[in-house]
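Subject: Structure handover

Hello,

Here is the structure for you to look through. My notes follow it.

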Amino acid sequence: MMKLNLALNHKVGVEKNPRKVKNNIFTTLVIFFSVVTISPIILIISKLIIKGAKQINLSFFTETAPDTFVAMTAISNGEVIPGGILNGITGTLFMVIMAALIAIPIGILIGLYLYENPNKIYANIVRDIADILQGVPSIVLGLIAYIWIVKGLTNGYSALAGSISLSIMMLPLILRSTEETLKMIPISLKEAAIALGVPYHKVIFKVMIPTGFSGLSSGVLLAISRVIGETAPLMLTALGSSVVNYHLDKPTSAVPLLIWEFYNDPNMVNLIWSSSLFLLGFILTLNLLSKHIASKRKAN
Amino acid sequence: MMTSEKITKRLLFAASLIIVFVTAGIIFSLVGGAIPVFSEFGISFIFSSDWNPSEGKEEYGALPFIAGTIITSVLALVICLPLAFSTSLFIGEYFHDKKVAKIIGTLVDLLAGVPSIVYGLWGFYVLRPFIVDLGLSSQGFGIFTSGLILAIMIIPYATSITAEIIALTPNDLKEAAYSLGATRFEVVLYVIIPSARSGIVASFILAFGRALGETMAITMLIGNTNKIPNGLFDTGNTMASVIANQFGEADGLKLSALIAIGLLLFVITGIINGAGKLIIKKLSK
Amino acid sequence: MSIINLNIKNPVLSLKDLSVSYDGEKLAIKKINAEIKKNSITAIMGPSGCGKSTLLRALNRMHDLYPDIVTTGSVFLNGIDVVEMSNIDLRRKVGMVFQRPNPFPTMSIYDNVIAGYKLNGMKQKKSERDEIVEKSLRDVTLWNEVKDSLQKKGTFLSGGQQQRLCIARALAFQPSVILLDEPTSALDPIATAKVEELLLNLKKKYTIVLVTHNMAQAARVSNQSMFMYLGELVEYGKTKEMFTNPTDKKTEEYLTGKFG
């Protein structure tokens, strides 16, 4: 009797219930498409590692990019292409640090303003403007920095123009993350300081900002990681340079600009992989670092 | 005497003016730069498909690039839709709060970190030959390849918000459906999608807005021809890619035409992003 | 009209027609008149939303922080209108402790105690600072528990210890009044008992105003009690008398648990 029952149950379970079949197909599709979604990142990273890792050596970091004839000679002699991407690394760091120096203080101050005036109509307009700015394609900001700085100020392509275009990209990211971070701090902390008679500017700069420091730095890191791989706006502003440059008013290279140059030069095209691997590695490290800080903050 | 409170508040307000002036300045400069080409060709600049920079016979029209931008972005959206939606369900519902969902979520986030130019390289050296091998097109350049790479690029933007909204579906609603004997598929169809609908729509609109302005990867894959594309596997140009491509040798009327295209791009992305943000704002109320 | 069964001489705080509105129209507290006795504990009770916290926060002008809030009437501290005093002066003399323990998370235990001095830019010798910190921590019976970990972050302490640290932070200025806004609502019974014991000790040196939603707590620790309802001060009297023989019907109903 028992056996019969079990067998019957079993049979009912196996019977093709169209609803269950649909459900199973759907679940399979969800898993399948999810795997498809993540495969590009795995394919991209592995391609860069396979083709690029072997080219990364000490001179990659200490020498500037070779010119096309040197590269051609090396190729025809069957040698490794000499040189590195020092001019790109220094240019990227120079311009990104300049951009951060402009965008961080302004972004944090605006974030503070929004936090202090949550319901003002003007504050809502500022929020909307930040949203608009965040959606502006980077190439358009390149055009703007070209008009304002290249044409208007430095009379030619310059690191400053590149920095300005990057800083406009960073600004909305930093101010929104600042506001979100401050909102997460319990209001009673601010009140505790006020109740001690602490002057307003010290409440802001000595209590609120230090308390939100990890949130702010996570936002800043994320903003930097978003702009560090930008190519299009730099093509219109910094242009590129074959030497290491630290002058604000001179054309300057950057890692993404070098990748673009290598890509367009048949003699140097082999260098794209190592440069891209380096750039992606740098960005993903910043990304993960920012996430790590943010999640540690949440755990607290 | 000014108190520290007043000084600080003024400082914060002054900072907020910077972003207002920068944005106003962007609009002012784009409009100013676009005036020469609009005064030369009038509104037909938008509807003309002639593009001829040779001196004396200069003709500029933005239509091919507007068309190229919209076609590639719509294609990207269509490809991205099932992928991003499935991944969002994976993260926000099927494996919510499980380790595997965190791993998938992190990998999807990493997609957002890959620079456009690296997508371009990968598209050029991996995706394009693959398309040629499939016999879809002889060179592999064009609308389809661009749409495909764009789809990959916007997936993280669509997924992050959609997954979050799906995870927010009230548990009691889901449990009510399960208690009536619904399958998971039916719960997704009749509970999760209806309750998360506007959020999902908003996140795909925002992802679409992203696609409109992507530059480098498209520049490397679309084939850069200044005409209205003639099918999925034809070549073309987008508004962003034509600026990147033609900028180097531009001055005078041509520069003005490129700035005018930048202005159009600014307006279109502004409208799309505005619509997305508006829906999200209504949601959070 | 309020029923006031008290006659206080030389009050530390006097409230004259004190009203507060959050939107400029509806009053959250309505024309409160009362005087607070020196070196004693005055409890403010009432159901939630009755305005007890609003009243407390009016005493050290906490409402100034929010521009939309309108305060009318006045509060006199030792005969001086608090509006005439500078922020730092007022808040040195009137300390405040909040519902949830809120030590500054970026500061050590030591820095939390001395925070009022440091953040106001008051410079002292290290020996003076050490003395203030030790004395304040002894006052809240925390010294023996933390004297070996003064440089650790205050947020590592237990909830009850954190709240006592916050009281020490308020005591460091040697205020004449301490305002406590439901200070034990986030604490367990043992930590609550410790804080209550501490308050009974502190009233020898300080005047304490305690907002509590817990009638038993008011009965245990306070000398005088205010009962508030719908923004009005209904009854104010000696705690013992009020709990045994309330004058107003509403007070009686509240104290017997008919509502609240």
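Strand 4 of chain C, residues 41-45, is largely enclosed by the rest of the structure, because 5 of its 5 residues are buried. Buried means that 20 or more other C-beta atoms lie within 10 Å of a residue's own, with C-beta atoms placed from the backbone. Strands are DSSP runs of E of at least two residues, helices are runs of H or I of at least four, and both are numbered from the N terminus.

A word on the source. This is a predicted model, in which local features need pLDDT of at least 70, side-chain atom pairs count only at pLDDT 80 or more, and totals for chains, interfaces and linings use all residues. Residues are numbered from 1 along each chain as its sequence is written, while chains are lettered from A and ligands numbered from 1 in the order in which they are written.

Back to strand 4 of chain C. C:Ile41, C:Ala43 and C:Met45 point one way, C:Thr42 and C:Ile44 point the other way, and all are buried. In a regular strand, side chains alternate between the two faces of the sheet.

Which strands does it pair with? Strand 4 of chain C runs parallel to strand 9 (residues 207-211) of chain C, joined by 4 bridges. There, C:Ile41 stands opposite C:Ile208. Strand 4 of chain C also pairs with strand 10 (residues 224-229) of chain C, in the parallel sense, over 4 bridges. C:Ala43 has C:Ser225 as its bridge partner in strand 10 of chain C. Pairing requires that DSSP finds at least two bridges between two strands.

Now chain C as a whole. It holds 10 helices and 11 strands. Its radius of gyration is 18 Å, close to the 18 Å that the globule rule gives for 260 residues, so chain C is as compact as a globular protein of that length. The radius is taken over C-alpha atoms, and the rule is 2.2 Å times the number of residues to the power 0.38. Of the 260 residues in chain C, 46% are buried.

Next, the chain contacts. Two residues are in contact if their C-beta atoms, placed from the backbone, lie within 7 Å. Chains B and C share no contact, and their closest C-alpha atoms lie 10 Å apart.

Best wishes

How values were computed
Buried ≥ 20, exposed ≤ 12 C-beta atoms within 10 Å, placed from the backbone.
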